[in-house]
Amino acid sequence: MEYNFTELEKKWQEYWEQHKTFKTVDDLSNPKKFYALDMFPYPSGSGLHVGHPEGYTATDIVSRYKRMNGFNVLHPMGWDAFGLPAEQYAIQTGTHPSITTQENCDTFRRQIKSLGLSYDWDREINTTDPGYFKWTQWIFIRLYNTWFDKEQQKGRPVAELPIPADIEKQGKMAVQDFIDEKRLAYYDNAQVWWCKKCQIVCANEEVLNDGSHEKCGTKEVERKNLKQWMLRIPHYAERLLAGLDTLEEWPESVKDMQRNWIGKSKGAEVDFNVEGIDEPLRVYTTRPDTLFGATYMVIAPEHPLLDRIVTNDKREEVDKYVKAASLKSDLDRTELAKEKTGVFTGRYAINPVNGEKIPIWVADYVLIGYGTGAIMAVPAHDTRDFEFAKTFGIKITCILDPEHADAEVRQKVLEGNQCWTDDGAYINSAGSDSLDINGMNKEKGIQTVIDWLEKKGLGTGAVNYKLRDWLFSRQRYWGEPFPVIHWEDGEVTLVPDEDLPVRLPEMEKFQPGANGESPLANAGDWLTLTDANGRKGRRETNTMPQWAGSCWYYLRYIDPLNDKAPFNAQKEKYWMPVDLYIGGAEHAVLHLLYSRFWHKVLFDLGIVSTDEPYRKLYNQGMILAFAYETKAGSKVPSDEVGERDGKYYHKDTGEELQQIVAKMSKTLKNVVNPDDVTVKYGADSLRLYEMFMGPLDATKPWTDTGVKGVYNFLCRVHRFFADPNSIKEGEEDAEMLKTLHQSIKKVTSDIENLKFNTAISQLMILTNLAIKKGRVSPGTARIFAKLLSPFAPHLAEELWEKYGAQKTISYEAWPEVNPAFLQEDSFEYPVSFNGKMRFKIEFPVDASREEIGKAVLAHEKAQKWIEGKQVKKVIVVPNKIVNIVVG
RNA sequence: GCCCGGAUGGCGGAAUUGGUAGACGCGCUGGACUUAAAAUCCAGUAAACAGUAAUGUUUGUGUGGGUUCAAGUCCCACUCCGGGUACCA
């Protein structure tokens, strides 16, 4: 009797499909619910990768386990199907993106179904479906119509926005402008990244550090000014930060990354008077305590006051510098970070704490987009300022004595020859005007100076965030259209809810429009419209970025076919929050931050019932593959590599190669296709192997022999547990009962903790013992089948059927541990001398410490270690260890 | 530079949270079955030394220190690898 996985898996997949085994019923009366969510994939043309099934199998195991524990489980799958590749393909071939998308989704669905994942396919969603993006547009309208009330720290409808009397007085336009400035979504000129190759605007975060576009890899990325939709996510910075503290079941690393991304800093804004100009220059600093060490100021080249600050004799030089800076991207600026550049403006400011005259420079190491776009420079205590001052020979005044640093360093710092950013005691920090922080430490100094500034009206405590407004539009065809109309008189209106969705026009050519316009700019009929009064309007031609659809998809699964609302409120209240969310760490910041932001807005508007969408988050690790390289470090494609005696060599040259671990890639020819694995070993083996490789969150290399190992295990399981000759009535012995119940205990807790690798090893131990015993009782076999079922569901169903069941194992009660079988009456104590284990002696579990100590010392084996020495101490830890200290 | 995470046999990885290091799997070695091979089954497998052998001794969780009766686990310093971020004042 062979383990014919092909037939067996087909049989059960058909059974599940026919019986709708995993259809989720909205039984809102069951208090036990579990929402297990996978990060839905972008259905690319290359099909499923072995990385996909890793997370999917993990949530599937938990889903199956929860069902068997009486939970009402929501476990859905869908497609994040808007995106560039389909559009690029359309530009090249003329094939409509919807056709490509459809085909890719079909491939993905087929592949995913072949893995035996227990999704409720009736809830499948697709972000490109008008029935779906109708509600994405609907949410956009909500964002547009919401403002953030700082006092209440809450988003509220713009209808509730109080309009100041002086604005009201200025008329309707002023009121409109005032409201527009408060909306969470707004339309404005924005300097954006423009990828020449993709002909697309990219968000800041899509441009990598090396200046390349993350999607296409070219470095042809430049700045461009375009009218763009932006979302005011920084308004929610504080809420997004505070929310992180409530997410106890998120990895700390992800929370840290989000905190860093939001980048909150506390400090002060300080006004510096400028000689000969009536307007003060305001700076933001996190170190107001170092004001006494400020020996110059720097303003960004784009600073609005620059023009007035520059003196005539310096104008030419400054203009030249500003122009050069404007041609540089932010990236060039940072790339040249090693060498700081800048020009003296010719004018001086007055340091408010000591009245000193300090020069104002313009330099591009100060960014217009952060803080006030101007800084006070304290070269003695800020590394960037130090470098700049050194380069241009500006005065460096040490005001913080590094008391506890070593003498040499301290001396250099005091002389202004080294920068010191840590704590110390202030020196030279007393002004004529009642401010004296000499001798204080950093923390106290900062507070004292802020208090003084506020009292004097020279500045205030201030908070800044790195988080910027979210550029929310793309010049693309294959994305959600904005429900927006621009009228010829300049008014912007949103399409009313009842007219949603705004569909994409049918088009034949998908080339971008001129000057960075979306292809939609060429969509004749669709583009223009006329209102009842004959006013002409033009639809928004930008589309939403790919993030949009994934910001709220978890909500749509709750009620995917609803055409009256994005979802039913009762159902939302029942299913939310998501109990387990598994996906790649690459989404640690952007997707998860964006979707938390949307969720919080929806929460503030009363549309969803929870403040945070995802209760437990887990990142699966990446699956890598072995690759080979020469001593010189050049990579060799896997098909050119031979193996001999555990060593690797180049088939052609014979050169010995080193095995390394690398990402799967076409060039290295080490890509593993899940379909091939399924054909060769079956879906259960693929699932099992991916879970057995190592901890779920670790990055680990794929090995074919590893798959074979778990395949062999399943063969053994099948050979033994599917054979009626090995399942016979009769008592189990104590060893079997103990292992069985240990297995129930371990598999249960391991699933709860997502430690699938050790759960599987326990199933192997149990199987090995059963085979050794030669027979098990039907009861034991049934428990085994249940324990196996979340991991290898096809085989488990098959066994279950063989054991006489009429229906699926999926809803059978999960086995319970009987602690009686785990209890031992004796424990074999490891006995160590001076911490080294020497031998073992068995004692009853309830033996007293004294008893054990005495017996051990009297034991013949102990004599060898005691002989000629003095017993100094006897440590007995009940049911753990005995340690005897001799000397 | 800064913030996280990691380092355990030939390999992937276990280790009840301070208590027998190396579970389970791969690989390898030997044996059984076979005309033979594959498959399967059984046994062995951290290293070094001693012994015909059972066995014994020593060393051993990236490096160096420390705490402790006892450290893979805790503390300090460092090395290397991976991820994030980077003129954010």
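This is a predicted model: local features need pLDDT of at least 70, side-chain atom pairs count only at pLDDT 80 or more; totals for chains, interfaces and linings use all residues.

Residues are numbered from 1 along each chain as its sequence is written, and side-chain values use heavy atoms, with hydrogens and water left out.

Buried means under 20% relative accessible area, exposed means over 50%, and partly exposed lies in between (1.4 Å probe, protein chains only). Helices (H or I, at least four residues) and strands (E, at least two) are DSSP runs, numbered from the N terminus. Among the buried residues of helix 22 are Asp684, Arg687 and Glu690.

Ser595 belongs to helix 20 (residues 590-604). Ser595 counts as buried because its relative accessibility is 0%. Apart from neighbours within four places in sequence, Ser595 is in contact (heavy atoms within 4.5 Å) with Ser550, Cys551, Tyr554, Pro613 and Tyr614.

At the surface, Ile875, Val877 and Ile881 form a nonpolar patch with about 190 Å² of accessible area together. Patches are made of residues with over 30% relative accessible area and no salt bridge, with like charges joined within 9 Å and nonpolar side chains (Val, Leu, Ile, Met, Phe, Trp, Tyr) within 5 Å. A salt bridge is a side-chain nitrogen of Lys or Arg within 4 Å of a carboxyl oxygen of Asp or Glu. Accessible areas come from the Shrake-Rupley method with a 1.4 Å probe; for residues, only the protein chains shown count as cover. Val877, in strand 34 (residues 871-877), is partly exposed, with a relative accessible area of 35%.

Conventions. Chains are lettered from A and ligands numbered from 1 in the order in which they are written.
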